[in-house]
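Please keep the sequence and the structure in view while reading.

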Amino acid sequence: MSTAQTHVLAYPFPSSGHVIPLIDLAKALVSRGVLVTVLVTPSNQPLVPTNHSPLLRTLLLPNPNLNRLVEIVAFMRENHYPTLINWARNHPSPPSAIISDFFLGWTLHLARDLNVPRLVFSPSGAFALSVSYSLWRNLPENDNPEDPDSVVSFPNIPNSPVYPWWQIPHQFRLAERGGPEWAFSQENMLLNIDSWGVVFNSFLDLEQDYFDHIKKELGHQRVWALGPLLPLTEPENRGGSSTVSCHDLIEWLDSRENSSVVYVCFGSRTFLTSSQMEDLTRALELSGVHFVLSVRVPDERHAAQDHGRIPSGFGDRVRGRGFVIEGWAPQLVILSHRAVGSFLTHCGWNSVLEGLVSGVVMLTWPMGADQYTNAKLVVDQLGVAVRAAEGTEKVPEARELAKRIEGSVGRRKERVRAEELRDTALRAIKENGTSQKELDALVKQLHD
Ligand code: AWU
């Protein structure tokens, strides 16, 4: 039986940071002759390339026009499940496996109905997943909720990370124990743990200790590290079309010194508060560096929340050394330009991987989710980043932030380490690299 009859259902959580890497995984599987049907909604269908192989197909499912994670997942389970069962049972080449996002643990039930294995696609790294598994298995309590500095430690995880309570993912920390959000998160985690295997957008040399830890915790070896999953071609439209002309942006970057520009971006979902935006733009002004600043623009769905906007007159005050993008930046194009030396990031996992592949020094400003863990990895364990700020409350005074931004451009030690790790990441995804071998091993297991 050829691998073309190996048919995988790829089911992302409908958010850019989750859809983008799973589409890159789909392309990687297709490159091995696997038929892949990506389950998309109208809002993320544009992210699937149309000019790709006939083995890459899409199935359109209704948009959950909701904001809260629990509601989105419940909508998908109620509205997509029946369609998927009928579609799969009547398909001439039914799916032989489901690879679905970490947040879609319920697809384990769908996989059992179809009598096929369900693999978790983790859009975060193995360190972050180790922390999530441990959190929901051991259910640590905050013994002193009044103490803002009370900590929770994970002695069973490599490097025994310790977190202040406020950095624990809000689904665990804020949800009422036993309430609907808590129950969803705990059940989702247990369904992931019970699934057949886990596919990571990461690479062995980056997180070997954590892959070993997860295999021990799960009691099996079906854990694959296939990343960094990102296209080394056509980077300009990854995740959506750029709000600015790539030509103008590249022309601006071409006129800068090597490694002199600081790129600032906080992912596809994070909006800075007014005070964060004020301190950040003030710090960029005071730092004197050349920079590209990309910020998301809130739409009507976010009207009720406090979202900072670029202060008026900022563009004029930094004219000549600042390039501001309000919308969607061609992040891979920017990071791969020789003029960019450092990257102020919220530490979303895709941005961390893209920073690593670009060999830039990262300035970390984690805001939530797995980002505090990702910051620990790049700052404390890999030595390719330095801390700039943490969270939405602890915004450093603009002058201090300016010093950290300015200092990032000349950090020799971190740059040397970042370039070493870039070379390691590129080796992993090149022919005969560890990630290519892991992909072959996964395809073989799916085929057998
Ligand atoms: P990234 O993971 O960097 O950040 P989020 O969008 O916030 O992703 C998980 O999903 C993260 O681990 C979580 O912490 C959570 C979320 N991009 C771009 O090309 N232009 C822009 O203007 C903004 C973003 C791309 C960027 C990256 C992706 C963002 C996985 O944070 O290159 O690929 O969008 O993903």
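A polar contact is a pair of N or O atoms within 3.5 Å; within protein, one must be able to donate a hydrogen and the other to accept it, and residues adjacent in sequence count only if both atoms are side-chain atoms. The model is predicted, so local features need pLDDT of at least 70 and side-chain atom pairs count only at pLDDT 80 or more, while totals for chains, interfaces and linings use all residues. Residues are numbered from 1 along each chain as its sequence is written, and side-chain values use heavy atoms, with hydrogens and water left out.

| Residue | Atom of the residue | Distance |
|---|---|---|
| R238 | polar side-chain atom | 3.1 Å |
| H18 | polar side-chain atom | 3.4 Å |
| W349 | backbone N or O atom | 3.0 Å |

The protein covers 97% of the 660 Å² of accessible area (Shrake-Rupley method, 1.4 Å probe) that the ligand has on its own. Of the 23 residues around the ligand (a heavy atom within 4 Å), S268, A329, S351, E354 and D370 come nearest. Helix α12 (349-358) supplies at least two residues of this shell, as does α1 (16-30), and the largest share, 4 residues, comes from α12; helices are DSSP runs (H or I, at least four residues), and strands are runs of E with at least two.

An open sheet of 6 strands has parallel pairing (at least two DSSP bridges between two strands) in the order β12-β11-β10-β13-β14-β15. Its edge strands, each pairing on one side only, are β12 (322-326) and β15 (385-387). Between the parallel strands β14 (residues 361-364) and β15 there are 3 bridges, and T364 has R387 in β15 as its bridge partner.
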